[in-house]
Amino acid sequence: MLIIIVTIGFYYFEESFDNKKINTNTNKDKDLSFYYLPSSTTGVIISHNNYSLSYSEKHEQPEWVAYQLKKEHLSKNEFKRPFFEVDKKVRTSSADWRNYKNSGYDKGHLCPAGDRGYSYDAYEETFLTSNISPQNHKFNAGIWNKLEQKTRYWANRYDGVYVITGGVLTNDLKTIGYEAVSVPKYFYKVIFNRSSGDEKMIGFLMPNEPSSKSLDSFVVAIDHIEKLTGIDFFGSLPDEQEEMLEASVDKRKWKF
């Protein structure tokens, strides 16, 4: 009888301890993500210390990566570039970086290392393979890099923005590597500013190829990106507010 009582007591203690850990992590994640995250079509949401993601095992990459980019996050620290590592939080294991070797595609960060330069731990965390997607090199180093730089400009100007980034994952994509990592034809970036007293959103949809076009030529309604991806980006906003913000393509509200 004593053994049974002790066993039951230990079970409830362990369950209570796990719940406390879950609640603690949830509070931290809420602070990181403005109290909401996009929906997940895969049901696999991973929260790290400096960004969150929804992982697609089918495509061996995230369907989205979301994070807050504050003004104080912007830094010019030059850290030694670490090696890419698999994400141990993904139970099925994120794709090995060797899938990209000799593929002709870059290991494209979705949460850029440049957005997490305020500490080495935050910087290193962006080198998990759950945070990368195959990108054309000239696209990655060209128009996509310009968009990342413009996002930092807005984070500085508006004292912080919320960022969601991913590839459009469909069933007709070519693959690379022994784990068949899908190569998106398009990448998107959704940016939400709500800290300046003038709430606004802007969405970008870009082909995974070199381009000399201006950034504003890739602006689309966030509603359109949701239809392509099946993701509800801001479902926890009041419906009327969400519909108004996600339908907007007013470039004049943003300083290009």
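**Helices, strands and their neighbours**

Visitor: Which residues of helix 6 do Ile-222, Asp-223 and Glu-226 in helix 5 meet?
Guide: Welcome, and please keep in mind that this is a predicted model. By class, the contact of helix 5 with helix 6 has two nonpolar, no polar and five charged residues. From helix 5 come Ile-222, Asp-223 and Glu-226, and the residues they meet in helix 6 are Glu-242, Glu-243, Glu-246 and Ala-247.

Visitor: Are helix 5 and helix 6 roughly parallel or roughly perpendicular to each other?
Guide: Two packed helices are described by the angle between their axes and the distance between the axes. Here the axes of helix 5 and helix 6 come within 6 Å and cross at roughly 95°. An angle of 65 to 115 degrees counts as roughly perpendicular. The two helices, helix 5 and helix 6, are therefore roughly perpendicular.

Visitor: Within what arc do the buried residues of helix 6 fall?
Guide: Helix 6 spans residues 239–247, and its buried residues are Glu-242, Leu-245 and Glu-246. These buried residues line one face of helix 6, because seen down the axis they fall within an arc of 95°.

Visitor: Which exposed residues does helix 6 carry on the face turned away from its buried side?
Guide: The buried residues of helix 6 pack against strand 9 (186–193), strand 10 (200–207) and helix 5 (222–229). Turned away from that buried side is a face with the exposed residues Glu-240, Glu-243 and Met-244.

Visitor: What arc around the axis do the buried residues of helix 5 cover?
Guide: The buried residues of helix 5 are Ile-222, Ile-225, Glu-226 and Thr-229. They sit on the same side of helix 5, because the arc they cover around the axis is only 105°.

Visitor: What do the buried residues of helix 5 pack against?
Guide: Just after helix 5, Gly-230 takes a positive phi of about 75°. As for the buried residues of helix 5, their packing partners are helix 6, strand 9, strand 10 and strand 11.

Visitor: Which strands stand at the edges of the open sheet of seven strands?
Guide: The order of this open sheet is 1-2-3-6-9-10-11, and the pairing is antiparallel. An edge strand has a single partner strand, so one side of it is left without a neighbour in the sheet, and that holds for strand 1 (45–47) and strand 11 (219–220).

Visitor: How many residues of strand 6 are buried?
Guide: In a regular strand the side chains alternate between the two faces of the sheet. Val-161, Val-163, Thr-165 and Gly-167 point one way from strand 6, while Tyr-162, Ile-164 and Gly-166 point the other way, and all are buried. Strand 6 is largely enclosed by the rest of the structure, because the number of its residues that are buried is seven of the seven.

Visitor: Which residue in strand 9 is the bridge partner of Gly-166?
Guide: Strand 6 (residues 161–167) is joined to strand 3 (residues 61–69) by five bridges, running antiparallel, with Tyr-67 opposite Val-163 and Leu-69 partnered by Val-161. Strand 6 and strand 9 also pair in the antiparallel sense, over six bridges. In that strand, strand 9, the bridge partner of Gly-166 is Tyr-188.

Visitor: At about what angle does helix 4 run to strand 9?
Guide: Helix 4 covers residues 143–157 and lies across strand 3, strand 6, strand 9 and strand 10. Its angle to strand 9 is about 5°.

Visitor: Which residue in strand 5 does Lys-107 stand opposite?
Guide: Strand 4 (residues 105–109) and strand 5 run antiparallel and are joined by five bridges. Four of the five residues of strand 5 (residues 132–136) are buried, so strand 5 is largely enclosed by the rest of the structure. The residue in strand 5 opposite Lys-107 is Pro-134.

Visitor: What is the relative accessible area of Gln-135?
Guide: Gln-135 is found in strand 5. Among the residues Gln-135 touches, leaving aside those up to four places away in sequence, are Tyr-105, Trp-144, Phe-187 and Asn-208. Buried means under 20%, and Gln-135 is buried with a relative accessible area of 0%.

Visitor: What distance separates the C-alpha atoms of Val-44 and Tyr-55?
Guide: Val-44 lies in the loop between helix 1 (2–32) and strand 1, and is partly exposed, with a relative accessible area of 31%. Not counting residues up to four places away in sequence, Val-44 touches Leu-53, Ser-54 and Tyr-55. Val-44 and Tyr-55 are eleven residues apart along the chain, and their C-alpha atoms are separated by 5.6 Å.

How values were computed: Residues are numbered from 1 along each chain as its sequence is written. This is a predicted model: local features need pLDDT of at least 70, side-chain atom pairs count only at pLDDT 80 or more; totals for chains, interfaces and linings use all residues. Side-chain values use heavy atoms; hydrogens and water are left out. Buried means under 20% relative accessible area, exposed over 50%, partly exposed in between (1.4 Å probe, protein chains only). The arc is that of the directions from the helix axis to the C-beta atoms. Contact means heavy atoms within 4.5 Å. Two strands pair if DSSP finds at least two bridges between them. Axes are lines fitted to C-alpha atoms, for helices over the stretch in contact, and angles run from 0 to 180 degrees between N-to-C directions. Angles under 35 degrees count as roughly parallel, over 145 as roughly antiparallel, 65 to 115 as roughly perpendicular and the rest as oblique. Ala, Val, Leu, Ile, Met, Phe, Trp, Tyr, Cys and Pro count as nonpolar, Asp, Glu, Lys and Arg as charged, and the others, Gly among them, as polar.
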